[in-house]
Structure formats: C-alpha cells, structure tokens
Amino acid sequence: MDRTDLRRIAIAFGAIVVVFTGGSFGFAALLHESWHEALYRTAVTATLTGLDSTPRGTGAELLTIGVALAGVAIFGYLVAGALDAIANEVAGETRRTKRRLRMIDQLNDHFIICGYGRVGRRAAEEFDVSGQPYVVLDFSPDAIAAAKERGTLFLEGRGSDDEDLARAGVDRAKGLLASADSDAENLYITLSARARRPELTIVARASDAEAERKLLLAGANRVVRPYTAAGIEMAKLALKPQVAAFLELVSTHAGPDLRFEEIEVHADCPQAGSTIRELAIRRMTGAVVIAVRKSDGTFDVTPSPDLRIDVGDVVIAIGTEPELRALEDMFATRTVGV
C-alpha cells in the first residue's frame, strides 16, 4: 500500500467521522432523540439501508438528505479509489511484464533453466552468486510464484516446446539445464534443444541409470542424478571430510576465497602454442593450472610446466577471484583494431 492509498483512506475515514458526528448531533437536537438513537438514524441514512420512520420537520428532512448524499459521496470516493488501485496494479504488472520480456530479449550467452524445482533453484542460486545471466522456463504455478518472489527472470512455458525455447533465447544461449522433476519431460527438453542448437551445452537431470542413458542418447552433454550424487557426497564427507570440504569450497561460488575456473583457448588467442612455463602463469596471475583438457577430449591432470597450450584446449585452474580474472585476461582473444 503506497502513500496515495493511505491518504485516500485517511480522507475517507475523516469524512465518515465528520458525517456521523454531525448527523448524530443534528438528529439529537432536531428530533430530540437520545444519542444512540441519533447515531443509529445517521448510520442507516448514510449507508442507505433505510429508516425506521420519516423524520419530523423540514430541518430534520434536510439533514437526512444531506447525510444520505454524504454517504453516497463517501461510498463513491471509496469505490473510485479501489478501482484506481486495481487499475494501477494491473498497469504496473503490465509494465513489469514488458520490462521483464525486454530484459530476456537482451540476454546473450545466458543459461536457460527448464524446471524451477529444488534442483533448478539451487542451480539458479549458483548462477546468481557467479553473476551468470539466466532465464527460468517453467509452467508450474509454484515455480512461477517462486521466480517472482526471488526477482528472477522467467517465462511461463515448457522447455519441450520449440516456441517457448525460442522466447527464452535458445539461439543466443550458452547452455541449458533440463532440471524438471520428470525424466520424460527432461528427455523432450533435451531433444528439442539439441535439434535446434546442435552445439548447445545441455546438462540434464535423471532419476536413474536408464533415464541417464536415454538422455545421453538424446544429446545431453552431461547428466546429473541427484540421489546418486547426494549418496556419493555423503560417502566423501564420511570417508574424507577434509578433501570433501576443500572441494565444496572451491567448486561453489559461495566459497569465501578459492574456486575453480575453466578457460577455453581460441584460435585468435595470442598465448596459443606457448607452454605453461613460457607463460609463467603462476607468477603472472597467481592462479594454479591443475589440469588441461586437450582438444581430443583427454585430460592431463598433472600438467608439466613444459605442456604446450594449444588451440581448443581447456585450461582448468584454481585461484581467487582476482587471480582467475587475471588468467582470463591472459587468454583473452586478440582484438584487431579497424
């Protein structure tokens, strides 16, 4: 409720007090009624519910007309205020919707979260902390309500619908999360997204091994089984608590210090073809290269300082936020002036 609404209510309340007070005094004086009888007459007159008897005398009749007209005026004022509030709310919701759709249309290199349940919301939290833009695509009223409450960009629809994917900007997206509660829905989402964007990164949720196999066949790059992952994590915490704590620290953006980062080496990167030693990555950035995924898909998990970083390789490093930004700058593509 804004200040205008409060002011409108205060004016209406003040008018009611004036009318009831004046009417009660007037009827008590003109008709020689008791205070409670005068108040009752004022109430039934102002609210247009009728009178028990016709007032005696011209003054009482004129007062009755005045109180009735005042009651109509107050009622009309309150109705007009309510309609104005409803119209403003509708107009405000329309403006908010248009602004949200414009923001979605402007997204680029974003992620689409298809399914805003527990898994989708946890992924969204990670995206929020890391500053990664994303849009939620879901049809559930509960999911839409949760997205509105959190101020998240969202669209009402299904990830398995080509038109809804297009509205979510799948042609400009960096990746997609098929995180619906249904394996069948995630399968359709994956098929639809893969058919439209063969190169799109798709991470899907599965409830069991059979669903995982089908999702991989449908085109998902990676498949996550939450219950299996939870069991493995519990075992890690029990068997190797310090290792698990360290991995959790660096693998979530909510960690206070260190985190992992992966950087792909593009063809126009000036550092392509150099070795880790020649680049002096640790000295120049402070970050530590802990693995390199070569362009053929193999991993070197203990890279030698003499390992050559080639085009198509993905450098996996650990460090603080500033150190990793410096590493990203080192492998940034060359800008050619015009």
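# Reading a predicted model

Colleague: Where is Phe-75 found?

Modeller: Phe-75 is found in helix H3, residues 58-105. Helices are DSSP runs (H or I, at least four residues), numbered from the N terminus. This is a predicted model: local features need pLDDT of at least 70, side-chain atom pairs count only at pLDDT 80 or more, and totals for chains, interfaces and linings use all residues. Residues are numbered from 1 along each chain as its sequence is written, and side-chain values use heavy atoms, with hydrogens and water left out.

Colleague: Is Phe-75 buried or exposed?

Modeller: Buried means under 20% relative accessible area, exposed over 50%, partly exposed in between (1.4 Å probe, protein chains only). Phe-75 has 58% relative accessibility, so it counts as exposed.

Colleague: How do I read phi at His-32?

Modeller: Most residues other than glycine have a negative phi. His-32 is not a glycine, yet its phi is positive, about 55 degrees. His-32 lies in the loop between helix H1 (3-31) and helix H2 (35-46). His-32 is exposed, at 70% relative accessible area.

Colleague: What is the phi of Ala-280, and is Ala-280 buried or exposed?

Modeller: Phi of Ala-280 is positive too, near 50 degrees. Ala-280 sits in the loop between helix H11 (276-279) and helix H12 (281-285). At 15% relative accessibility, Ala-280 counts as buried.

Colleague: At what angle do the axes of H7 and H8 cross?

Modeller: Axes are lines fitted to C-alpha atoms, for helices over the stretch in contact, and angles run from 0 to 180 degrees between N-to-C directions. The axes of H7 (residues 183-196) and H8 (residues 209-218) cross at roughly 15 degrees and come within 9 Å.

How values were computed
Helix = DSSP H or I, 4+ residues; strand = E, 2+ residues; numbered from the N terminus.
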